[in-house]
Amino acid sequence: MLAEALSSPIQAPRLSSSVGPRDRVLVIVSDETRDDPRAELVDAILAELPSTSPLTIAIANGTHGPSRVD
């Protein structure tokens, strides 16, 4: 479903047509306290981007205490 949503966005261009090969990309994902498909989301986004686009992933911690360290 993530890939499908990214391939047909509502009122926006596709990432593949709006991100150039040298454009920097920031993806913000939730932290481990949320039950989200983070890995699948990042995979779906990567599939839409040029392989040469510099990518940064930021983890949104919210307002709760620090996350556990494994």
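1. A residue is called buried when its relative accessible area is under 20%. By that cut-off, buried residues make up 19% of the 70 residues in the protein chain. Keep in mind that this is a predicted model.

2. Start with the layout. The protein chain has three helices and two strands. Read from the N terminus, the order of elements is α-α-β-α-β.

3. Next, the overall form. The radius of gyration of the protein chain is 14 Å, whereas a compact globule of 70 residues would come out near 11 Å. Along the principal axes, the C-alpha atoms fill a box of roughly 40 × 25 × 20 Å.

4. Now the interior. Nonpolar side chains tend to be buried together in soluble globular proteins. Here the largest nonpolar core has seven residues: Val19, Val25, Val27, Val29, Val42, Ile45 and Leu49. Two elements, strand S1 (25-30) and helix H3 (38-48), each give two or more residues to this core. The largest share, three residues, comes from S1.

5. Look closely at Val19, a member of that core. Leaving out residues up to four places away in sequence, Val19 touches Val25, Leu49, Pro50 and Ser53.

6. Check how the chain contacts itself. Take the contacts with a separation of 6 or more: residues 24 or more positions apart account for 77% of them.

7. Finish with the surface and the charges. The protein chain exposes about 5500 Å², and carbon and sulfur atoms supply 55% of that area. There are 6 positive and 10 negative charges, and their mean positions are 7 Å apart.

Definitions and conventions
Residues numbered from 1 in each chain as written. Predicted model: local features only at pLDDT ≥ 70, side-chain atom pairs only at ≥ 80, totals over all residues. Heavy atoms only, no water. Core = buried A, V, L, I, M, F, W, Y, C linked by side-chain atoms within 4.5 Å. Buried < 20%, exposed > 50% of the residue type's maximum accessible area, 1.4 Å probe, protein only. Helix = DSSP H or I, 4+ residues; strand = E, 2+ residues; numbered from the N terminus. Contact = heavy atoms within 4.5 Å. Rg over C-alpha atoms; globule rule 2.2 N^0.38 Å. Areas by Shrake-Rupley, 256 points an atom, 1.4 Å probe, with all protein chains shown as cover. Lys, Arg positive; Asp, Glu negative; His and termini not counted. Charge placed at Lys NZ, Arg CZ, Asp CG, Glu CD.
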